[in-house]
Amino acid sequence: MMAITTAPGVTQRMLANGHLELTCRTTNRHIECEPVAAAMWIALKQHNGDVDQAATTLSALWETNEEDTRYDLIALAGSLCSLGMATES
């Protein structure tokens, strides 16, 4: 099982516009995720970082193909990991 977690030193905050703000205290890196990415992040957090469970939940809510949703979650996780905002365990 691929599990995605918040990297050490990273804080998260939901903005009023539906975006997710991630800030790393150690690198001072700051990113703002669009609402779809924010929903993916929330689903990952709700499922303890489990990509498969998050994909199942989101694909049911969005009426999308589960494999496509899983692929999108993996792409988001890869981007966040490469930016130092998340880790894979």
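Predicted model: local features only at pLDDT ≥ 70, side-chain atom pairs only at ≥ 80, totals over all residues.
User: Where is the place of D50?

Analyst: D50 belongs to the loop between α1 and α2 (51-62).

User: Is D50 buried or exposed, and how far away is the nearest side chain of opposite charge?

Analyst: For a charged residue, look for a salt bridge, which needs a side-chain nitrogen of Lys or Arg within 4 Å of a carboxyl oxygen of Asp or Glu. D50 is buried but has no salt bridge. The nearest side chain of opposite charge is R70, 7.2 Å away.

User: Which residues does D50 touch, leaving out those up to four places away in sequence?

Analyst: With those left out, D50 touches M1, M2 and L44.

User: Now the sheet. What is the order of its strands?

Analyst: To read a sheet, follow which strand pairs with which. Here three strands form an open sheet in the order β2-β3-β4, paired antiparallel.

User: Why is one side of β2 and of β4 left without a neighbour in the sheet?

Analyst: β2 (10-14) and β4 (30-33) stand at the edges and each has a single partner strand, so one side of each has no neighbour in the sheet. On average, neighbouring strands are turned by 20° against each other, direction ignored.

User: How many bridges join β3 and β4?

Analyst: Strand β3 (residues 20-24) pairs with β4 over four bridges, in the antiparallel sense. For T23, the bridge partner in β4 is H30.

User: And which helix packs on the sheet?

Analyst: Helix α1 (residues 35-46) does, touching β2, β3 and β4. The direction of α1 makes about 120° with that of β2.

Notes
Residues numbered from 1 in each chain as written. Heavy atoms only, no water. Pairing = 2+ DSSP bridges. Helix = DSSP H or I, 4+ residues; strand = E, 2+ residues; numbered from the N terminus. Axes fitted to C-alpha atoms, helices over the stretch in contact; angles between N-to-C directions. Contact = heavy atoms within 4.5 Å. Buried < 20%, exposed > 50% of the residue type's maximum accessible area, 1.4 Å probe, protein only. Lys, Arg positive; Asp, Glu negative; His and termini not counted.
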